[in-house]
Amino acid sequence: MKKNIIVIVFLLFLIGCSSKVTQTSNFENGQEQYTYEQFENYFLYFKEEFSSSNFVNISPVDLIVQTTSFPANKLVSNKIDALNDNVKYPMRYENYYKSNISNLLVKVNFIFQPDNHTKSFVTINTINHLDNTNIISEYKSTQRPLLDEYIITWNGMLIIINFIDSSSIPEDNYQEKYDDFIEETVMFYKDFENVLLKEQ
């Protein structure tokens, strides 16, 4: 009888431990894990909330699910950019915007990174004809688009904003065009940041 009581107490202890594990499964290193549902809901919130007097949304209202196949590689086993290779759960959502005053195209990418708990403006990746720092002299005339890429980490997401202008720009007008390009990217970013900070 005493042995049976010990077994029952032990089983109750195990059940208690397993339920405790279940309750804390969304936590890692003392921080709450960002879930895929939160990621998807945040993107839907952004699509609905973001607006700008200087840019028009040119993406469908509905959520479009798309994935990209990876080239053959030895880095990862998954074949596509989807959670567990399931096309219903893409790791990236995107939305396009077009400037009302120029040929500037903006693509906003939300990428699921649940292990990333930081909030940071990482860098701006840029390509333009005025920046020849890492191009040797005989290739400085190589045609390039105007491109800025803002890279931001934000609570379980990597956010990449692509600003692209591929229109033909006369050499004597390039500096002016570039200044206008920068002004527009900053305008978009201010509107973007207002939405980002509203839902912290």
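**Group meeting: a walk through the model**

About 260 Å³ of space lies in the largest pocket. Which residues sit closest to its centre? They are His129, Gln143, Arg144, Ile169 and Tyr174, out of 16 residues that line the pocket. Sort that lining by class, and you get 5 nonpolar, 7 polar and 4 charged residues.

One caution before I go on. This is a predicted model.

Now the overall layout. The protein has 3 helices and 8 strands. Follow the sequence, and the pattern reads α-β-β-α-β-β-β-β-β-β-α. There are 200 residues, and 34% of them are buried.

Next, salt bridges. How many turn up in a search of the whole structure? The count is 4.

Start with Glu49 and Lys198. Their side chains meet in a salt bridge, 3.3 Å from N to O. Glu49 belongs to helix α2 and Lys198 to helix α3, residues 174-198, so this pair ties together parts that are 149 residues apart in sequence. Are these two partners buried or exposed? Glu49 is partly exposed, because its relative accessibility is 32%. Lys198 is exposed, because its value is 54%. Remember the cut-offs here: under 20% is buried, over 50% is exposed, and partly exposed lies in between.

Move on to Glu94 and Lys107. Their closest N and O atoms are 3.2 Å apart, and they form a salt bridge. Glu94 is in strand β4, and Lys107 is in strand β5, residues 105-112, so the pair ties together parts 13 residues apart in sequence. Lys107 counts as buried, because its relative accessibility is 17%.

Then Asp165 and Lys177. This salt bridge has its closest N and O atoms 3.0 Å apart. Where do the partners lie? Asp165 is in strand β8 and Lys177 is in helix α3, 12 residues apart, and the pair links distant parts of the chain. Both Asp165 and Lys177 are buried.

Glu48 counts as exposed, because its relative accessibility is 67%. How far is Glu48 from Val61 in space? The distance is 8.4 Å, C-alpha to C-alpha, and the two are 13 residues apart in sequence.

Now the loop between β3 and β4. Phe70 lies there, with β3 at 55-57 and β4 at 92-99. Phe70 is partly exposed, because its relative accessible area is 34%. Together with Leu75 and Val76, Phe70 makes a nonpolar surface patch of about 310 Å².

Asn84 is also found in the loop between β3 and β4. Look at its backbone. Phi of Asn84 is near 55°, a positive value in a residue other than glycine. Asn84 is exposed, because its relative accessible area is 73%.

Which loop holds Asn155? It is the one between β7, residues 146-154, and β8, residues 157-165. Asn155 is not a glycine, yet its phi is positive, at about 45°. Asn155 counts as partly exposed, because its relative accessibility is 30%.

The largest pocket is lined by 16 residues. A salt bridge joins Glu49 and Lys198. Asn84 and Asn155 each have a positive phi.

Methods: Residues numbered from 1 in each chain as written. Predicted model: local features only at pLDDT ≥ 70, side-chain atom pairs only at ≥ 80, totals over all residues. Heavy atoms only, no water. Patch = residues over 30% accessible without salt bridge, like charges linked within 9 Å, V, L, I, M, F, W, Y side chains within 5 Å. Areas by Shrake-Rupley, 256 points an atom, 1.4 Å probe, with all protein chains shown as cover. Helix = DSSP H or I, 4+ residues; strand = E, 2+ residues; numbered from the N terminus. Buried < 20%, exposed > 50% of the residue type's maximum accessible area, 1.4 Å probe, protein only. 1 Å grid on protein atoms, 1.4 Å probe; cavity = no way out; pocket = protein on both sides within 12 Å on 5 of 7 lines; lining within 4 Å. Points joined across faces, edges and corners; volume = space filled by probe spheres on them. Nonpolar A, V, L, I, M, F, W, Y, C, P; charged D, E, K, R; others polar.
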